[in-house]
Amino acid sequence: DYRFSRSDIFSFTLFSVLGFVFAENVLYLTVTDTAFFDWIYRSIFTLIAHVFAASVCAYFWWKALSYELFSARYIATFLLGFALAIAAHTLYNIFSVSGSFLLLAIYVIIGYMAFIVMGKHQR
């Protein structure tokens, strides 16, 4: 009867995101004709966006685990987190396409603060 702590789930999430973003950026660099500076800029913001979106999903997954597996509350809590993670990623995409550095900077600051709050060590 082992239970994952919130920090366990966030650690799994962080390492999964690091691997995904690395692979995505290598693919992006090899497929597109992008200047190196643009690739670095994109890599930093993409990493933060994916960490934030995945953390939202992981946080709600951790909350869902407090309910009986596949109960209505479990599914509703997990789906809420999944929907919010999709919204967070979509918001990043919108800000990125808009070309507004200010909007991306605000997104990064809010995402970082939310990640810290959601990921506080608690068993």
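The buried residues of helix H3 are Tyr-74, Thr-77, Gly-81, Ala-85, Ala-88, Tyr-92 and Phe-95, where buried means under 20% relative accessible area, exposed over 50% and partly exposed in between, with a 1.4 Å probe and protein chains only. The model is predicted, so that local features need pLDDT of at least 70 and side-chain atom pairs count only at pLDDT 80 or more, while totals for chains, interfaces and linings use all residues. Residues are numbered from 1 along each chain as its sequence is written, and side-chain values use heavy atoms, with hydrogens and water left out.

Helices are DSSP runs of H or I with at least four residues, numbered from the N terminus. The expected span of a helix is 1.5 Å times one less than its number of residues.

| Helix | Residues | Expected span | C-alpha end to end |
|---|---|---|---|
| H1 | 26 residues | 38 Å | 37 Å |

Helix H2 (36-64) and helix H4 (101-118) are among what covers the buried residues of H3, and just after H3, Gly-99 takes a positive phi of about 80°. The buried residues of H1, including Val-17, Val-21 and Asn-25, pack against H2 and H4.

Asn-25 lies in helix H1, residues 6-31, and is buried, with a relative accessible area of 6%. Leaving aside residues up to four places away in sequence, Asn-25 touches Trp-39, Arg-42 and Ser-43, contact meaning heavy atoms within 4.5 Å. The side chain of Asn-25 also makes a polar contact with the side chain of Ser-43, at 3.4 Å; a polar contact is a pair of N or O atoms within 3.5 Å, where within protein one must be able to donate a hydrogen and the other to accept it, and residues adjacent in sequence count only if both atoms are side-chain atoms.

Methods. Helix = DSSP H or I, 4+ residues; strand = E, 2+ residues; numbered from the N terminus.
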